[in-house]
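Could you open the structure in your viewer and keep the selection tool handy? We will go from stop to stop, picking something and looking at what is there.

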Amino acid sequence: MTKTTMQIDTSAELLENDILPKCREIHTNPETQAAGQIIPKALQEPVTKKSPAQWAYERIIMYIQNFEKQLDNDHEVGLGLAGGMTGVIKIEGLGYYDPDIVTYYGMNESGARTQLIQHVSQMNVTLVASPKHIDQPEPNRIGFQLATALDGDEDVTT
């Protein structure tokens, strides 16, 4: 006979657990690393303390960093809009403007400076493996630069 124990949470614990971030991914390839395996410090805070823009910004950073981990040295992350005709933007920066705007900075396929300003309710992006510039010895890894702030105590908005 197995002994089972039941845990009873207080109403405060149930409420807090309900607003803490959750992430779940399932992949067909067992070698694919899920983005939510290591949750940065900034993403462990209750969602209610953040604007929709900050919350989207922090999760996008996590997804970009995870995507870059799967790239070889000849590629870097680019961004394409789902359903859009703007092509691919090589991401060189990311920001947000409270309460509801996320901004991507970069360069389009023809080399023109590009800034995409997007409302969080319209967020549909595709991360794309883009070839790095031929004169560039190493690919830029913007996700790792951005994620440094998510694991630290500093404000990721600056």
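Start by selecting H133. Is H133 buried or exposed, or partly exposed? With a relative accessibility of 46%, H133 falls between the cut-offs of 20% and 50%, so it counts as partly exposed. You will find H133 in the loop between β5 (125-131) and α3 (142-151). In sequence, H75 and H133 are 58 residues apart, yet their C-alpha atoms are 8.8 Å apart in space.

Before moving on, colour the chain by pLDDT. This is a predicted model, and the average pLDDT over the protein chain is 76. A score of at least 70 is reached by 66% of the residues. Among the elements, β3 has the highest mean pLDDT, 87, while helix α1 (residues 11-19) has the lowest, 58.

Next, select S51, which sits in the loop between α1 and α2 (52-69). S51 counts as buried because its relative accessibility is 13%, under the 20% cut-off. Which backbone atom does the side chain of S51 reach? Look for the backbone nitrogen of Q54, at 3.0 Å. Leaving aside neighbours within four places in sequence, S51 is also in contact with Y96, D98 and P99.

Two of those contacts deserve a stop of their own. Select D98 and P99: the peptide bond joining them is cis, with omega about 5°. Most residues other than glycine have a negative phi, and most peptide bonds are trans. P99 belongs to the loop between β2 and β3.

From there, select strand β2 (residues 88-97). Why is β2 largely enclosed by the rest of the structure? Seven of its 10 residues are buried, and so the rest of the structure largely encloses it. A hairpin of three residues leads from β2 to β3, and the two strands pair antiparallel over eight bridges.

Now select helix α2. Its 18 residues reach 26 Å from the first C-alpha to the last, close to the expected 26 Å. Of these residues, 13 are buried, so α2 too is largely enclosed by the rest of the structure.

Finally, turn to the largest nonpolar core. In soluble globular proteins, nonpolar side chains tend to be buried together. This core has 18 residues, and I64, L94 and Y104 touch the most other members. The elements giving two or more residues to the core are α2, β1 (75-81), β2, β3 and α3. Which of them gives the most? That is α2, with six residues.

Not counting residues up to four places away in sequence, Y104 touches I60, L79, G93, L94, T114, Q115, L116, Q118, M123 and V125.

Terms used. Residues numbered from 1 in each chain as written. Predicted model: local features only at pLDDT ≥ 70, side-chain atom pairs only at ≥ 80, totals over all residues. Heavy atoms only, no water. pLDDT = per-residue confidence, 0-100. Helix = DSSP H or I, 4+ residues; strand = E, 2+ residues; numbered from the N terminus. Buried < 20%, exposed > 50% of the residue type's maximum accessible area, 1.4 Å probe, protein only. Pairing = 2+ DSSP bridges. Polar contact = N/O pair within 3.5 Å; in protein donor to acceptor, adjacent residues only side chain to side chain. Contact = heavy atoms within 4.5 Å. Expected span 1.5 Å × (residues − 1). Core = buried A, V, L, I, M, F, W, Y, C linked by side-chain atoms within 4.5 Å.
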